[in-house]
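Please open the structure in a viewer and keep the selection tool at hand.

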Amino acid sequence: MTLAAPTHLLLNIPADVRQQLWQQSGAHSSPATRWQAYLNRLSLHAVVQWLREEEDRDARSWPRESSIASIWELTNGAAVQLSDGTRLAIVADEATDDRELCVPQEWVDIPSWAAQYYVAAQVDPEEGWVRLWGYATRQQVIVQGRYEAGDRAYCLDAEALTQDMGLLNVTRELCPVDSPQSVVVPLPPLPLAQIESLLQRLGNPEVVLPRLTVPFQVWGALLEHDGWRQRLYRQRAGLPDWRSVASWLREGVSDVAAQFGWQRLQMVEVMAGARGAATQAEALLSKSVTIGDRAYHLRVIPQGELSEGRWRFELTPDSGRIPAGTTLRLLTEDLQPFEGNADEAATDVEALFVDVAIASGEGIVWEISPAPDDYEREILRF
């Protein structure tokens, strides 16, 4: 880390790291989106490393690496999550013009994406550096910035930014900014039929700028649903979609499912914890999740033959019992509840489970409350 100007930070990236990040940016629909992903990877890597060395050793990218490519296929920008819950959105640009910071609307008006701070980053891939030259709060971006409808971006003049990057940590400590998630207007839910139409239309890579093709509230709701965003990305990039849960049990977990933490386990008998029920199964799916500082296992267990479509979702702790108030919940693909879709611990229990009958081709989204660390919505197809 060296100073690029009296108040700016220049973060250097070694050539071997740049090569590795370029290789990681390969799965995209066009050279333009791959380059966008590469610039964002460079800026995100540099900022995370700087924060880990200087301020917060637990700083991490948001969302996690397995799903972040789906954002860069569709819009510019990256985010860093700090251990105290603060989120920094990094807006990368190759331009040498420091006149303004333009933040894509997704990072401001999608509730789960919004950040406390927005950081301007100039990237030079050939020389291998990222220059951080200013930052602003979300409130500044909205109130002092101007909304550019043609680009769907909030643009803030350089004079309105704090250009002394050394003040960022001091500002966070002395004048903390509340999480914006509680004040951002929620986006309206989208019916499943509309989603399928949107995915078919926008999943065509010949649609060069899908983010400008439909109204923002529709676009934002589509991107905020992690499972739908993943489907859109994979369609545009020509990547295989998730196979069904039944196929994972028959043939092994797909690479993309493994990236999201799923594994296939052989098991003769799985007990349903405190409820005293049991099911015979040759194999089940399991995923490790962390809630606070405790480890759990989420399991998907067939109840009988796979063709029968009867399944159990079960949550068990690594040790001890599940605290009262914890809830395991299932929703339809478009996030609608249904009868018997949740199990809540009234007292401390050994396990939570929900039994469900699922038709072939149907999708299910699981939730746990309190939410696991790094939780993202997944659509499990049956």
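Begin by selecting E148, which is partly exposed at 28% relative accessibility. This is a predicted model.

The next stop is a covalent link. Select C102 and C155, which form a disulfide with their sulfur atoms 2.2 Å apart. C102 belongs to strand 6 (residues 100-104) and C155 to strand 10 (residues 153-157), so the pair ties together parts that are 53 residues apart in sequence. Viewed along the S-S bond, the link of C102 and C155 is right-handed, with an angle of 115°. Is each cysteine buried or partly exposed? C102 is partly exposed, with a relative accessible area of 27%, whereas C155 is buried, at 4%. The count for the structure comes to one disulfide.

Return to charged pairs. A search of the whole structure finds 23 salt bridges. One of them joins the side chains of R138 and D109, at 3.6 Å from N to O. This pair links distant parts of the chain, 29 residues apart: R138 lies in helix 5 (residues 138-143) and D109 in helix 4 (residues 106-109). R138 is buried, with a relative accessible area of 12%, and D109 also counts as buried, at 15%.

Then select R231 and E196, whose side chains meet in a salt bridge of 3.2 Å, N to O. Here too distant parts of the chain are linked, with R231 in helix 9 (residues 226-237) and E196 in helix 7, 35 residues apart. R231 counts as buried at 14% relative accessibility, while E196 is partly exposed at 32%.

Remain with helix 7 (residues 192-202) and select Q200, which is found there. Q200 counts as exposed, at 65% relative accessibility. A distance drawn from the C-alpha atom of Q200 to that of N40, 160 residues away along the chain, reads 27 Å.

Finally, switch to a surface display. Select L167, V170 and L174, which make a nonpolar surface patch of about 280 Å². Of these, V170 is found in helix 6 (residues 168-174) and counts as partly exposed at 38% relative accessibility. Then select D93, E94, E126 and E127, which form a negative surface patch. D93 lies in strand 5 (residues 87-93) and is partly exposed, with a relative accessible area of 43%.

Technical notes:
Residues numbered from 1 in each chain as written. Predicted model: local features only at pLDDT ≥ 70, side-chain atom pairs only at ≥ 80, totals over all residues. Heavy atoms only, no water. Patch = residues over 30% accessible without salt bridge, like charges linked within 9 Å, V, L, I, M, F, W, Y side chains within 5 Å. Areas by Shrake-Rupley, 256 points an atom, 1.4 Å probe, with all protein chains shown as cover. Salt bridge = Lys/Arg side-chain N within 4 Å of Asp/Glu carboxyl O. Lys, Arg positive; Asp, Glu negative; His and termini not counted. Charge placed at Lys NZ, Arg CZ, Asp CG, Glu CD. Helix = DSSP H or I, 4+ residues; strand = E, 2+ residues; numbered from the N terminus. Buried < 20%, exposed > 50% of the residue type's maximum accessible area, 1.4 Å probe, protein only. Disulfide = S-S within 2.5 Å.
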